[in-house]
Amino acid sequence: MSSRIYCNAQFLPKPGKEAELFKILQSLEPNTLREDGCIEYRVTRQLKSPFAQGTSFPIVFQEIWQDLTSFEAHCQRQEIQHFFQTTCLAEDGLVEKWNVCIYTDEPENYDKPKI
């Protein structure tokens, strides 16, 4: 068990905007990977396969953070706030829908050792 935070940030681009959105999301990687507490931060795009036919948005960030504090600090960075304001929330943004969820590998009510 750990205090790690696992984040999946999914994006549904507006029609014809997938390549442009993917490029913008890739541009967020270098600075984020320098952040304290960032273990993994990689934007991915969905592939077609007969062995993986689930439903998802076509662009997904796979993120692992050292802890909740690190994740929340990341979310408050100016670069990340600017991305959401201009790309997701703006009327002329590239994103039709998005879904950001975080997860833990600790069971509910886990009796974590006190160090």
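In which sense do strand E1 (residues 5-13) and strand E3 (residues 59-65) pair, and over how many bridges? Select both: the pairing is antiparallel, over 7 bridges. Here strands pair if DSSP finds at least two bridges between them, and helices (H or I, at least four residues) and strands (E, at least two) are DSSP runs numbered from the N terminus.

Before moving on, note that this is a predicted model, with local features needing pLDDT of at least 70, side-chain atom pairs counting only at pLDDT 80 or more, and totals for chains, interfaces and linings using all residues. Residues are numbered from 1 along each chain as its sequence is written, and side-chain values use heavy atoms, leaving out hydrogens and water.

Now pick Gln10; its bridge partner in E3 is Val60.

Next, show the whole open sheet: 4 strands in the order E2-E3-E1-E4, with antiparallel pairing. E2 (38-45) and E4 (95-103) are at the edges with a single partner strand each, so one side of each has no neighbour in the sheet.

Turn to the helices by selecting H1 (residues 18-33) and H3 (residues 78-89). They pack at an angle of about 170 degrees, their axes 11 Å apart; axes are lines fitted to C-alpha atoms, for helices over the stretch in contact, and angles run from 0 to 180 degrees between N-to-C directions. H1 and H3 are therefore roughly antiparallel (angles over 145 degrees count as such).

Finally, display the side chains where H1 meets H3 (contact means heavy atoms within 4.5 Å). Leu21, Ile24 and Leu25 are among the H1 residues there, and the H3 residues include Ile80 and Phe83.

How values were computed
Angles under 35 degrees count as roughly parallel, over 145 as roughly antiparallel, 65 to 115 as roughly perpendicular and the rest as oblique.
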